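Please read them with the structure open.

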Amino acid sequence: MAVEVASEKLAEDIVMLDLRGLAPFTDYFVIMSGNSARQLEALEEDITDAMKEAGVRRFHREGTPASGWILLDFSDIIVHIFGPEERDYFELERLWARAPQVVRIL
């Protein structure tokens, strides 16, 4: 659902990594980029609302649109919303390179 909403809201370079068997704290990462603080905020709101409507509770949130990084923790799935520079800096796909890509939308 997070991938679908991100795609509908024009997030860029959306990737879903399967962390089952690699990380004890979650099953999936969904990583995406937005081009402005406003888009990051909109992605956060829309993904959170869609997950809530589906009955999926958000347990934690970190970051801010102004910082260029937002983390949304839904327990089994963690969503990372990045600005382009912050995504290049953190390189989550490289850090979790052993995780299979379930979905990639460029």
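1. The side chain of Gln39 reaches the backbone oxygen of Leu10 at 3.0 Å. This is a polar contact, a pair of N or O atoms within 3.5 Å; within protein, one must be able to donate a hydrogen and the other to accept it, and residues adjacent in sequence count only if both atoms are side-chain atoms. Gln39 lies in helix α2, residues 37-53; helices (H or I, at least four residues) and strands (E, at least two) are DSSP runs, numbered from the N terminus. With a relative accessible area of 15%, Gln39 is buried. Buried means under 20% relative accessible area, exposed over 50%, and partly exposed in between (1.4 Å probe, protein chains only). Leaving aside neighbours within four places in sequence, Gln39 is in contact (heavy atoms within 4.5 Å) with Lys9, Leu10, Ala11 and Gly34.

2. On the basis of the model: it is predicted, local features need pLDDT of at least 70, side-chain atom pairs count only at pLDDT 80 or more, and totals for chains, interfaces and linings use all residues. Residues are numbered from 1 along each chain as its sequence is written, and side-chain values use heavy atoms, with hydrogens and water left out.

3. Which residues of α2 are buried? They are Gln39, Leu40, Leu43, Glu44, Ile47, Thr48, Ala50 and Met51. These residues cover an arc of only 165 degrees around the axis, which puts them on the same side of α2; the arc is that of the directions from the helix axis to the C-beta atoms. The face turned away from this buried side carries the exposed residues Arg38, Lys52 and Glu53. The cover over the buried residues of α2 includes α1 (2-8), β2 (28-33), β3, β4 and β5 (77-82).

4. Just after α2, Gly55 takes a positive phi of about 85 degrees.

5. The sheet is open, with six strands in the order β3-β4-β5-β2-β1-β6 and mixed pairing. Two strands pair if DSSP finds at least two bridges between them. β3 (60-64) and β6 (101-105) stand at the edges with a single partner strand each, so one side of each is left without a neighbour in the sheet. Neighbouring strands of this sheet are turned by 10 degrees against each other on average, direction ignored. For such angles, axes are lines fitted to C-alpha atoms, for helices over the stretch in contact, and angles run from 0 to 180 degrees between N-to-C directions.

6. Glu62 has Leu71 in β4 as its bridge partner. Thr64, also in strand β3, is partly exposed, with a relative accessible area of 36%. Leaving aside neighbours within four places in sequence, Thr64 is in contact with Trp69 and Ile70. Thr64 and Glu44 are 20 residues apart in sequence and 9.7 Å apart in space, C-alpha to C-alpha.

7. Is β2 enclosed or open to the outside? Six of its six residues are buried, so β2 is largely enclosed by the rest of the structure. Tyr28, Val30 and Met32 are buried on one side, and Phe29, Ile31 and Ser33 on the other. In a regular strand the side chains alternate between the two faces of the sheet. β2 runs antiparallel to β1 (residues 12-18), joined by five bridges, and Glu12 stands opposite Ser33. With β5 the pairing of β2 is parallel, over six bridges, and the bridge partner of Ile31 there is His80.

8. Thr26, in the loop between β1 and β2, is buried at a relative accessible area of 3%. A polar atom of the Thr26 side chain lies 3.4 Å from the backbone oxygen of Tyr28 and 3.1 Å from that of Asp76. Leaving aside neighbours within four places in sequence, the contacts of Thr26 are Leu19, Ser75, Asp76, Ile77 and Ile78.

9. Two phi values deserve a look. Most residues other than glycine have a negative phi, and most peptide bonds are trans. Ser75, in the loop between β4 and β5, has a positive phi near 75 degrees and counts as partly exposed at 33% relative accessibility. Glu91 has a positive phi of about 45 degrees; the residue is in the loop between α3 (84-90) and α4 (92-95) and counts as partly exposed at 34%.
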